[in-house]
Amino acid sequence: MKTLSGTILIADDDPDIRDILSETLNSLGSRVMTAASGQECLDKVDREAPELVLLDIEMPVKNGLEVLKELRQRGRDTTAIMITAYGTIERAVQAMKEGAFDFITKPFDLDHIAMVVEKALERERLRRGLERFTEEAGERYRLIGGESPQMREAIEMAKKAATSRSTVLLLGESGTGKEVFARAIHNWSERKHESFIAIN
């Protein structure tokens, strides 16, 4: 089994379950936090932003399904694995429809838990990596509007050019942002889903 490096929050009202899962995941290299209620889980997700939440479906006051829905309403796309007893597998399937990654059943098979957690952490790392890449790429090719009338005029002209099917020629000295404008025009055009090829 690989080292499961990552921050994991275990939300379960049963202290024995919290202890068993904490011990197991700590021994595999995870940083583990616990919550004894749905509300405590929501608070810790807001404060700590764990990579993964193990969420018991049957908790008093605010159950796991309600917590999962509230996380989504708050815009939190945290990867969640539901913990369920055999009698609530239907509710676990419902949780999957709400966006849960998987569910594990009580009584636990610790090897199975480790395998599911490993897959969930891998998926979360890929998701976060893609978000970072998209953000960096967007930042790199974002046009800086500025306040100057010349820049605003150039951006408006570029937007008009993007709606046209004509060939567009951009002129300017090296380092003035011709490629940034070219990418912006491409992204604003109806051809944005096709490849952009920069030729030096």
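Why does threonine 78 count as buried? Its relative accessibility is 7%, and buried means under 20% relative accessible area, with exposed over 50% and partly exposed in between (1.4 Å probe, protein chains only). The structure is a predicted model, in which local features need pLDDT of at least 70 and side-chain atom pairs count only at pLDDT 80 or more, while totals for chains, interfaces and linings use all residues. Residues are numbered from 1 along each chain as its sequence is written, and side-chain values use heavy atoms, with hydrogens and water left out.

**Figure 1. Overview of the chain.** The chain contains seven helices and five strands; helices (H or I, at least four residues) and strands (E, at least two) are DSSP runs, numbered from the N terminus. Along the sequence these elements follow the pattern β-α-β-α-β-α-β-α-β-α-α-α. Of the 200 residues in the chain, 38% are buried. Contact means heavy atoms within 4.5 Å; among contacts between residues at least 6 apart in sequence, 60% join residues at least 24 apart.

**Figure 2. Surroundings of threonine 78.** Threonine 78 lies in the loop between α3 (64–73) and β4 (79–85). When neighbours within four places in sequence are left aside, threonine 78 is in contact with Val45, Pro50, Glu51, Val53 and Arg72.

**Figure 3. The open sheet.** Five strands form an open sheet with parallel pairing, in the order β2-β1-β3-β4-β5. The edges are held by β2 (31–35) and β5 (102–106), each with a single partner strand, so one side of each has no neighbour in the sheet. On average, neighbouring strands of this sheet are turned by 20° against each other, direction ignored. Two strands pair if DSSP finds at least two bridges between them. Strand β1 (residues 7–11) pairs with β2 in the parallel sense over five bridges, and threonine 7 stands opposite arginine 31 in β2.

**Figure 4. Helices packed on the sheet.** Helix α2 (residues 38–48) packs on the sheet and touches β1, β2 and β3 (52–56). The direction of α2 makes about 145° with that of β2. Helix α4 (residues 89–97) also packs on the sheet, where α4 touches β4 and β5 and its direction makes about 160° with that of β5. For these angles, axes are lines fitted to C-alpha atoms, for helices over the stretch in contact, and angles run from 0 to 180 degrees between N-to-C directions.

**Figure 5. Strand β3 and its partners.** Strand β3 is mostly covered, with five of its five residues buried. Leu52, Leu54 and Asp56 point one way from β3, and Val53 and Leu55 point the other way. Strands β1 and β3 pair in the parallel sense over four bridges; the bridge partner of isoleucine 10 in β3 is leucine 54. Parallel pairing also joins β3 and β4, over five bridges, and valine 53 stands opposite alanine 80 in β4.

**Figure 6. Packing of α3 and α4.** Two packed helices are described by the angle between their axes and the distance between the axes. For α3 and α4 the angle is about 0° and the axes are 10 Å apart. These two helices are therefore roughly parallel to each other, a term for angles under 35 degrees, whereas angles over 145 count as roughly antiparallel, 65 to 115 as roughly perpendicular and the rest as oblique. Leu65, Leu68 and Lys69 of α3 make the contact with Arg91, Gln94 and Ala95 of α4.

**Figure 7. The buried side of α3.** Gly64, Leu65, Val67, Leu68 and Leu71 are the buried residues of α3. They cover an arc of only 160° around the axis, which puts them on the same side of α3; the arc is that of the directions from the helix axis to the C-beta atoms. The cover over these buried residues includes α2, β3, β4 and α4.

**Figure 8. Surroundings of threonine 105.** Threonine 105 is found in strand β5 and is buried, with a relative accessible area of 19%. Apart from neighbours within four places in sequence, threonine 105 is in contact with Thr84, Tyr86 and Ile89. The C-alpha atoms of threonine 105 and alanine 92, 13 residues apart along the chain, are separated by 9.3 Å.

**Figure 9. Helix α7.** In helix α7 (residues 178–188), the residues Phe181, Arg183, Ala184, Ile185 and His186 are buried. What covers them includes α6 (149–163).
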